[in-house]
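Subject: Structure for your review

Dear colleague,

Please find below the structure that I am handing over to you. My notes on what was found in it follow directly after it.

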Amino acid sequence: MSFSTAPEIQSEIAVNARKRRNWLKYSRQKASELSGVPAPTIRKFEETGEISLRQFLMLLQAYGDLSVMKNTFDNPPARSMDELIRLARREGK
């Protein structure tokens with residue numbers, strides 16, 4: 001269970017994206033060239049956290065590992081210990 005709100009997480013992701021871009025030593029223009037996301041969109045994302053999902057995924061691919069998003073909605077969270085056990089058995093764990 002998360003105690004953060006969606007806007008808080010959105011802001012944190014934007015800050016972390018800017019940090020990653022800087023760590024990679026990419027200018028916004030370089031990040032734009034690598035990702036296909038326009039530089040003004042990258043600036044807006046870093047300042048506001050607003051970006052389309054498609055463009056977010058394009059940046060994620062340019063900055064690192066896109067596969068972290070692949071399983072986002074794969075397994076629903078268990079609502080009880082019994083349900084968790086049933087899910088684990090079904091997956092052969």
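Lys-25 is located in the loop that runs between H1 and H2 (helices are DSSP runs of H or I with at least four residues, strands are runs of E with at least two, and both are numbered from the N terminus). Although Lys-25 is not a glycine, its phi is positive, at about 65°. With a relative accessible area of 74%, Lys-25 is exposed (exposed means over 50% relative accessible area, buried under 20%, and partly exposed in between, with a 1.4 Å probe and protein chains only).

Two points on the basis of these notes are needed here. This is a predicted model, in which local features need pLDDT of at least 70 and side-chain atom pairs count only at pLDDT 80 or more, while totals for chains, interfaces and linings use all residues. Residues are numbered from 1 along each chain as its sequence is written, and side-chain values use heavy atoms, with hydrogens and water left out.

Salt bridges

The structure contains four salt bridges (a side-chain nitrogen of Lys or Arg within 4 Å of a carboxyl oxygen of Asp or Glu). In one of them, Arg-21 pairs with Glu-46, and the closest N and O atoms are 2.6 Å apart. Because Arg-21 belongs to helix H1 and Glu-46 to helix H3, this pair ties together parts that are 25 residues apart in sequence. Arg-21 and Glu-46 are both buried, and the relative accessibility of Glu-46 is 8%.

Glu-46 also forms a salt bridge with Arg-28, where the closest N and O atoms are 2.8 Å apart. Arg-28 lies in helix H2 (residues 28-35) and Glu-46 in helix H3, so this pair ties together parts that are 18 residues apart in sequence. Arg-28 is partly exposed, at 27% relative accessible area.

Lys-44 is partly exposed at 42% relative accessibility, and Glu-50 is partly exposed at 43%.

Packing of H2 and H3

At what angle do H2 and H3 pack? The angle is about 115°, and the axes are 8 Å apart (axes are lines fitted to C-alpha atoms, for helices over the stretch in contact, and angles run from 0 to 180 degrees between N-to-C directions). H2 is therefore roughly perpendicular to H3 (65 to 115 degrees counts as roughly perpendicular, under 35 as roughly parallel, over 145 as roughly antiparallel, and the rest as oblique). On the H2 side, the contact is made by Arg-28, Gln-29, Ala-31, Ser-32 and Ser-35, and on the H3 side by Ala-39, Ile-42, Arg-43 and Glu-46 (contact means heavy atoms within 4.5 Å).

Nonpolar core

The largest nonpolar core has 12 residues, among them Ala-14, Tyr-26, Ala-31, Ile-42, Phe-45 and Phe-56 (such a core is a set of buried Ala, Val, Leu, Ile, Met, Phe, Trp, Tyr and Cys residues joined through side-chain atoms within 4.5 Å). Helices H1 (6-23), H3 (39-48) and H4 (53-63) each supply at least two residues of this core. H4 gives the most, with five residues. Leaving aside residues up to four places away in sequence, Ala-14 touches Phe-45, Glu-46 and Gly-49.

Yours sincerely
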